[in-house]
Amino acid sequence: MENTFILNRTRKEQKSGGKLLEVRNLKTHFPIKAGLMQRVVGYVRAVDGISFSIDYGKTLGLVGESGCGKTTVGKTILRLTPKTAGDVLFDGVDIYALDHQELRALRPRMQLIFQDPYSSLSPRLPVSEIIGEAVREHGLVENRHLDEYLDHVMKNCGLQPYHKDRYPHEFSGGQRQRICIARALALNPEFIVCDEPLSALDVSIQAQIINLLMDLQEKLELTYLFISHDLSVVEHISDYVGVMYLGDLVEYADKRTIFGNPLHPYTQALLSAAPVPDPTYKMKRIILEGSIPSPANPPSGCKFHTRCRHCMEICKTVVPTAREVEPGHQVVCHLYNESN
């Protein structure tokens, strides 16, 4: 079985330390239309010029408040949402330069696990159709081997072969998420965007799913972009962490650096709000004052200056640039600019 299907093939093209995904100055703006003629009167700057990369077999955790643009980043990378500017290179190929047929050929290598397992599964299809539809569409497995292949994929995800004839409403939330994972894995991807795959699940089920994702990553040599609000989960699964605020990537480093030495005031505030499983520990919570600005009308200068306790005059007018304060640790803040 292990040698029969491509699901367990060794990815010989992957090299240690090589980059599978590179995002360069990515922008995704949505037009705001008004009036009878529906003229464009402005733009929502959901993603406003971010850059990062993910190595083969690694996980980048993307964190930030709701509405900061995390999900839009994932959808833009997969070309489900059109970009406004910037480049997305997958295995050295600019995916926005591909035509329809070339993109179709690339699709199986890049997959998405949706946030809500309840709404992302068709209630009218049995599990065998949900998982096997795309496999047949792309011709990955011969029809005579399809049932055996689906059994193999489902077992890898903790599902039993007799589940194939059941419908989504017959499963629990955790089982539905396993179906979503199996649907993504059935195409033998190399890169998976995990869009808050745990947020709709109970805490006990979250642990099972997160362990499943990590086991599958090690077994199948997968690369993840893991989007989440839960900092403890991000710390557990990620190799690198990117912190987003209002469409910007304000800090980026490996997880030990981010959680051990956060530099950006927003990152510090996020980590101070994470609960600690110790009743004797006194939390030193950093309270952010004010409300989150609108991405349709962001503040001038540093977008965070309206809520920052370290705000300086330069923050109100000058946009900060990314600076590498130590190898692999980038922060976008005037506090760390050499000229200040």
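Reply: By class, 6 nonpolar and 2 polar residues line the largest cavity, with no charged ones. Here Ala, Val, Leu, Ile, Met, Phe, Trp, Tyr, Cys and Pro count as nonpolar, Asp, Glu, Lys and Arg as charged, and the others, Gly among them, as polar. Keep in mind that this is a predicted model, where local features need pLDDT of at least 70 and side-chain atom pairs pLDDT 80 or more, while totals for chains, interfaces and linings use all residues. Numbering runs from 1 along each chain as its sequence is written, and side-chain values use heavy atoms, with hydrogens and water left out.

The names in that lining are His264, Cys302, Phe304, His305, Cys308, Cys311, Cys315 and Cys333. A cavity here is a set of points on a 1 Å grid over the protein atoms alone where a 1.4 Å probe fits but cannot get out, and lining residues have an atom within 4 Å of a point. Points are joined across faces, edges and corners, and the volume is the space filled by probe spheres set on them.

Searching the whole structure turns up 2 cavities of 30 Å³ or more. Strand S9 (240-245), helix H8 (255-260) and helix H9 (265-272) each put in two or more residues, and H9 gives the most, with 3. These are DSSP runs numbered from the N terminus: helices are H or I of at least four residues, strands E of at least two. By class, this second lining splits into 8 nonpolar, 1 polar and no charged residues.

Terms used:
1 Å grid on protein atoms, 1.4 Å probe; cavity = no way out; pocket = protein on both sides within 12 Å on 5 of 7 lines; lining within 4 Å.
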